[in-house]
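Morning, everyone. I have one structure to go through today. Please take a look before I start.

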Amino acid sequence: MADADLEAIRARRMAELQAQQGQGQDAGEAARKQQEMKNTMLSQILAQDARARLSSIALVKPDKASQIEAILLRMAQTGQITHKLSEQELVGMLEKINQSTQKKTTVKFERRRLADSDDDEDF
């Protein structure tokens, strides 16, 4: 009787593990398909030299490249891009994006006011 119970527990546990593994594979498969669709769309809207530039940007700044890809895909879906973009057009878009997202650095000096030991002259 104990062997039968042990086998039943093992079978249930094995079924649970297989179900979990199957769900993980489904999520990975969906992510792979989504990435493949994105690459297909980008190859349709970008010329080869522009695609190479975007790939080199992705090597240096992956977050910026994904942001640019999302913008390009959104523009293509809304019909703003009607032809393949060349490298020069992509560079122009990149400059506009950089100007709009550029962070301005400011330096603020805060001087001590009350218990400032520099005011005392200890000669």
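This is a predicted model: local features need pLDDT of at least 70, side-chain atom pairs count only at pLDDT 80 or more; totals for chains, interfaces and linings use all residues.

Residues are numbered from 1 along each chain as its sequence is written, and side-chain values use heavy atoms, with hydrogens and water left out.

Layout. The protein chain has four helices and zero strands. From the N terminus, the order is α-α-α-α. Helices here are DSSP runs of H or I with at least four residues, strands are E runs of at least two, and both are numbered from the N terminus. Buried residues make up 17% of the 123 residues. Buried means under 20% relative accessible area, exposed over 50%, and partly exposed in between, with a 1.4 Å probe and protein chains only. Now contacts, meaning heavy atoms within 4.5 Å. Of those with a separation of 6 or more, 68% join residues 24 or more positions apart.

Next, the core. By nonpolar core I mean a set of buried Ala, Val, Leu, Ile, Met, Phe, Trp, Tyr and Cys residues joined through side-chain atoms within 4.5 Å. The largest one has 17 residues, and Leu-42, Leu-46, Leu-54, Leu-72 and Leu-90 touch the most other members. Helices H1 (2–45), H2 (48–60), H3 (62–77) and H4 (87–101) each give two or more residues to this core. The largest share, five residues, comes from H3. What does Leu-46 touch, not counting residues up to four places away in sequence? Arg-51, Leu-54, Leu-72, Lys-84, Leu-85 and Leu-90.

Stay with H3. This helix has 16 residues and reaches 22 Å from first C-alpha to last, close to the 22 Å expected at 1.5 Å a residue. The expected span is 1.5 Å times one less than the number of residues. Ala-65, Ile-68, Glu-69, Ile-71, Leu-72 and Leu-73 are buried in H3. Gly-79 follows the helix, with a positive phi near 85°.

Now H2 against H3. Their axes come within 6 Å and cross at roughly 140°. Axes are lines fitted to C-alpha atoms, for helices over the stretch in contact, and angles run from 0 to 180 degrees between N-to-C directions. That makes H2 oblique to H3. The cut-offs: under 35 degrees is roughly parallel, over 145 roughly antiparallel, 65 to 115 roughly perpendicular, and the rest oblique. Leu-54, Ile-57, Ala-58 and Val-60 in H2 meet Pro-62, Ala-65, Ile-68, Glu-69 and Leu-72 in H3.

H2 also packs on H4, at about 40°, with axes 8 Å apart. So H2 is oblique to H4. From H2 come Asp-49, Ala-50, Arg-53, Leu-54 and Ile-57; from H4, Glu-87, Leu-90, Val-91 and Leu-94.

Last, Ala-50, in helix H2. Buried or exposed? Ala-50 is buried, with a relative accessible area of 0%. Beyond neighbours within four places in sequence, Ala-50 is in contact with Leu-85, Ser-86, Glu-87 and Leu-90. The C-alpha atoms of Ala-50 and Lys-84 are separated by 9.3 Å, at 34 residues apart along the chain.

Thanks.
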